[in-house]
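Please examine the protein chain shown below.

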Amino acid sequence: MTLRLSTVILPVHRWHEGGRERWQRAEELGFHAAYTYDHLSWRTFRNGPWFGALPTLTAAATATERMRLGTLVTSPNFRHPVTLAKELISLDDIAGGRITLGIGAGGNGFDATVLGQEAWTPKERADRFGEFLPLLDRLLTEDSVSQRGTFYSAEEAFNIPGCAQRPRLPFAVAATGPRGLKLAARYGQAWVTTGDPKIFEEGTPEQSVEAIRGQIAKLGKACAESGRDVAELDKVLLTGFTPDRGGPLESVDAFVDFAGRHREIGITELVIHWPIPDSDFAADQTVFEQIATEGLAQLS
């Protein structure tokens with residue numbers, strides 16, 4: 001099974017003070033894709049610099065040529081399908097058809113209340129995502145859409161000429177619950193996991209692998225119920241949120257072991273965080289770049 005290696009570059013650097021160089025260096029290192037988080041602020045970075053995802057990706061699109069670009073992940077917390085579709089069509093055009101939209105139901109972080117609303121319950125998030133994603137799919141594939149929904153509506157929303165990629169740019173759907181997995185099976189070209197958050201603090205790497213194996217099995221069942229072959233979907237693991245934490249980036253050997261265990265259970269793309277000193281994503285830059293250039297080649 002082929003395994004791809006990608007990176008995620010958090011939008012914490014001014015473009016002309018190291019931002020551009022990181023995206024260009026990611027392409028030079030041969031990463032399959034470079035993603036960024038789509039938040040308005042995030043966790044321990046809240047009181048520091050944090051730039052918008054789509055403008056950052058637009059700049060990255062003009063600074064790179066081959067590497068895929070995308071979000072990990074966008075959510076309905078502060079977005080509407082109509083405006084998001086217009087921005088994605090524009091971004092995919094600028095990037096020459098290199099954009100992947102990572103998308104999920106969102107969570108209870110700062111983005112959940114920044115617009116002045118109460119944080120949605122898990123059921124409300126699932127309800128909204130269940131309406132958001134199908135509407136976005138229509139907006140990106142049809143010239144004009146009119147639809148009235150409980151949460152999201154469109155009235156003669158025109159999106160000509162559509163995405164550079166046809167029929168639309170790919171969706172990488174982040175989901176572990178039954179309703180989200182059904183959406184991934186129906187609309188996704190890829191599926192995204194960060195592992196099982198319930199075992200992040202006290203679980204073992206072995207337990208994490210088994211949990212992800214179980215998630216993939218549930219995805220397979222959802223695909224079967226939707227009449228799809230689960231093999232059609234890429235399986236993406238955003239690393240750094242399993243009990244391994246930053247261990248896989250400590251050495252090339254550690255990465256090769258981690259990557260091999262996850263390739264065996266069906267993961268097809270690993271995403272590693274670009275190092276950020278004095279943060280949860282601190283790592284040795286030299287080792288990181290060695291992993292990027294040599295890691296996959298050492299997998300037996």
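Of the 300 residues of the chain, 54% count as buried, where buried means under 20% relative accessible area, exposed means over 50%, and partly exposed lies in between (1.4 Å probe, protein chains only). The model is predicted, so local features need pLDDT of at least 70 and side-chain atom pairs count only at pLDDT 80 or more, while totals for chains, interfaces and linings use all residues. Residues are numbered from 1 along each chain as its sequence is written, and side-chain values use heavy atoms, with hydrogens and water left out.

The secondary structure comprises eight helices and 10 strands; helices (H or I, at least four residues) and strands (E, at least two) are DSSP runs numbered from the N terminus. The radius of gyration of the chain is 19 Å, close to the 19 Å that the globule rule gives for 300 residues, so the chain is as compact as a globular protein of that length. This radius is taken over C-alpha atoms, and the rule is 2.2 Å times the number of residues to the power 0.38. Along the principal axes, the C-alpha atoms fill a box of roughly 55 × 45 × 35 Å.

The structure holds 18 salt bridges, each being a side-chain nitrogen of Lys or Arg within 4 Å of a carboxyl oxygen of Asp or Glu. Three of them are listed here.

| Pair | Closest N to O |
|---|---|
| Aspartate 127 and lysine 123 | 2.8 Å |
| Arginine 213 and glutamate 210 | 3.1 Å |

The pair of aspartate 234, in strand 9 (residues 234-238), and arginine 4, in strand 1 (residues 4-8), links distant parts of the chain, 230 residues apart. Aspartate 234 is partly exposed, at 26% relative accessible area, and arginine 4 is also partly exposed, at 32%. Because aspartate 127 and lysine 123 are four residues apart in helix 4, about one helical turn separates them. Arginine 213 and glutamate 210 lie three residues apart in helix 6 (residues 205-225), about one turn of the helix.

Is glutamine 165 buried or exposed? Glutamine 165 is buried, because its relative accessible area is 14%. This residue lies in the loop between strand 6 (154-158) and strand 7 (171-174). Its side chain makes a polar contact with the side chain of arginine 68 (3.1 Å); such a contact is a pair of N or O atoms within 3.5 Å, and within protein one must be able to donate a hydrogen and the other to accept it, while residues adjacent in sequence count only if both atoms are side-chain atoms.

Leucine 115, by contrast, is exposed, with a relative accessible area of 58%.
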